[in-house]
Amino acid sequence: MTPTPRPAPPAIPALGTGPVRAVLLDADGVLQLIGTPWDQALTAGGGAEFCRRLLAEEGAALEGRESLRTLLERLSGELGLTASAEQLLELWWRATPDPVAWQIVRDLKQAGYTTVLATNQQHERRAWMRSALGYDGLCDIDAYSCTLGAAKPSPSYFRAVLELAGVTPQEALFVDDNAANISAAGALGIRTVHHPADAGGALLRQEVVAALQDAPRP
């Protein structure tokens, strides 16, 4: 019996079919799969209080004003953890690039869109993503929070990214798995897609294509 052929993935609409000129894509949960959610991984690695403190105090590291290592050393000492900063850093060395999602980025570039890696990362994890995962060159613009000096969901982050991409809010589409980030971008007039974390590239393509097709012409 001849197997039924799988339908072809939806094509990316060409640039100019709508107002969107730049597509901003988050990394963790969107372009790369993280498996265990961050809060669960942090709790397993250092305990509930470590997780709470880390998430509450990581802003400076995400904005590049403090190293992640320094933050971990401080928390490890203050909380009396047996795990060292080096051991805790291992929690950040996890993510698996989604090849289907990465192909969407390439297809968006081929269709004429400016692609932006719009991600909150500390300097240490940025270096790991570049060296171990090979992110350099995937997107047209790399907008790591630690290099911009601002992190999502701050409006300053999105304004900086829009300036880098040379687009207005109405000319941008932002994809993220975090509701607070989506809300902040939407408040600025940026079109958004709230992608379920780790849902995969097949769904991501459908969401992006639908958002680009539904965007009204200027």
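**Exercise 1. Find which backbone atom the side chain of Asn 120 reaches, and describe the surroundings of Asn 120.**

Solution.
- Step 1: The side chain of Asn 120 comes to 2.9 Å from the backbone nitrogen of Lys 152. For a polar contact, a pair of N or O atoms must lie within 3.5 Å; within protein, one must be able to donate a hydrogen and the other to accept it, and residues adjacent in sequence count only if both atoms are side-chain atoms.
- Step 2: Asn 120 sits in the loop between strand 4 (114–119) and helix 7. Helices (H or I, at least four residues) and strands (E, at least two) are DSSP runs, numbered from the N terminus.
- Step 3: Asn 120 is buried, at a relative accessible area of 19%. Buried means under 20%, exposed over 50%, and partly exposed in between (1.4 Å probe, protein chains only).
- Step 4: Leaving out residues up to four places away in sequence, Asn 120 touches Leu 62, Ser 145, Ala 151 and Lys 152; contact means heavy atoms within 4.5 Å.

A friendly word on the model: it is predicted, with local features needing pLDDT of at least 70 and side-chain atom pairs pLDDT 80 or more, while totals for chains, interfaces and linings use all residues. Residues are numbered from 1 along each chain as its sequence is written, and side-chain values use heavy atoms, without hydrogens and water.

**Exercise 2. Work out where Lys 109 is found and what Lys 109 touches.**

Solution.
- Step 1: Look in helix 6 for Lys 109.
- Step 2: With a relative accessible area of 30%, Lys 109 is partly exposed.
- Step 3: Beyond residues up to four places away in sequence, Lys 109 touches Thr 115, Gly 137, Leu 138, Cys 139 and Asp 140.
- Step 4: Now try Thr 168: 59 residues separate Lys 109 from Thr 168 in sequence, and their C-alpha atoms are 19 Å apart.

**Exercise 3. Identify the residues with the most contacts inside the largest nonpolar core.**

Solution.
- Step 1: A nonpolar core is a set of buried Ala, Val, Leu, Ile, Met, Phe, Trp, Tyr and Cys residues joined through side-chain atoms within 4.5 Å.
- Step 2: The largest one has 32 residues, and Leu 31, Leu 108 and Tyr 135 have the most contacts inside it.
- Step 3: Elements giving two or more residues to this core include strand 1 (22–25) and helix 6 (99–110).
- Step 4: Among the residues that Leu 108 touches are Ile 12, Val 23 and Val 208, not counting residues up to four places away in sequence.
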